[in-house]
Amino acid sequence: MFYLKGIPIHFRKLTYDDLKMSYYNLMHLLSDTNIELINTLSLDELFTKLNDDYYIFVIVNIDNDFIIGSGTIKVLHPW
């Protein structure tokens, strides 16, 4: 946890509850790749894909548990 302009925030991995609740509110901040993944896969397929090739992190305001940002790491497999 750290403070940004007095607001306590932290980073964590995307969860099922995030997708059900507030993550879709951030769609305008996402890359086209992330939007395509989320829109074309079921939740189970999405999390299988995320665990293999992608890691989506969210930045959360601890005061109100609201997602205020997102970031993605794509894992490139050398084989």
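1. Of the 79 residues of the chain, 30% count as buried; buried means under 20% relative accessible area, exposed over 50%, and partly exposed in between, with a 1.4 Å probe and protein chains only. This is a predicted model, in which local features need pLDDT of at least 70 and side-chain atom pairs count only at pLDDT 80 or more, while totals for chains, interfaces and linings use all residues. Residues are numbered from 1 along each chain as its sequence is written, and side-chain values use heavy atoms, with hydrogens and water left out.

2. The secondary structure comes to three helices and four strands. These are DSSP runs numbered from the N terminus: helices are H or I with at least four residues, strands are E with at least two. Along the sequence the pattern reads β-β-α-α-α-β-β.

3. The four strands form an open sheet in the order β1-β2-β3-β4, and the pairing is antiparallel. β1 and β4 stand at the edges with a single partner strand each, so one side of each is left without a neighbour in the sheet. From one strand to the next, the twist averages 35°; axes here are lines fitted to C-alpha atoms, for helices over the stretch in contact, and angles run from 0 to 180 degrees between N-to-C directions. Two strands are taken to pair if DSSP finds at least two bridges between them.

4. How many bridges join β1 and β2? Three bridges link β1 and β2 in the antiparallel sense, and Phe2 stands opposite Ile9 in β2. The two strands form a hairpin with two residues between them. Lys5 lies in the loop between β1 and β2 and has a positive phi of about 55° although it is not a glycine. Lys5 counts as exposed because its relative accessibility is 84%.

5. Ile9 stands opposite Asn61 in β3, and the bridge partner of Lys13 in β3 is Phe57.

6. β3 and β4 run antiparallel and are joined by eight bridges. Phe57, the partner of Lys13, has Gly71 as its bridge partner in β4. β3 and β4 form a hairpin with four residues between them. Asp65 is found in the loop between these two strands, and its phi is near 55°, a positive value in a residue other than glycine. At 54% relative accessibility, Asp65 counts as exposed.

7. Is Ile67 buried or exposed? Ile67 counts as buried because its relative accessibility is 2%. Ile67 belongs to strand β4 (residues 66-74). His10 and Ile67 are 57 residues apart in sequence and 9.8 Å apart in space, C-alpha to C-alpha.

8. Rings of Phe, Tyr and Trp (its six-membered ring) pair if their centres lie within 6.5 Å; planes under 30 degrees apart count as stacked, over 60 as edge-to-face and the rest as tilted. By this rule the count comes to one aromatic pair. Phe2 and Phe11 form that pair, which is stacked at 5.7 Å centre to centre, with 25° between the planes. Phe2 counts as partly exposed because its relative accessibility is 37%.

9. Met1, Tyr3 and Ile62 make a nonpolar surface patch of about 360 Å². Patches are made of residues with over 30% relative accessible area and no salt bridge; like charges are joined within 9 Å, nonpolar side chains (Val, Leu, Ile, Met, Phe, Trp, Tyr) within 5 Å. A salt bridge is a side-chain nitrogen of Lys or Arg within 4 Å of a carboxyl oxygen of Asp or Glu. Areas come from the Shrake-Rupley method with a 1.4 Å probe, and for residues only the protein chains shown count as cover. Tyr3, one of the patch residues, lies in strand β1 (residues 2-4) and counts as exposed at 55% relative accessibility.
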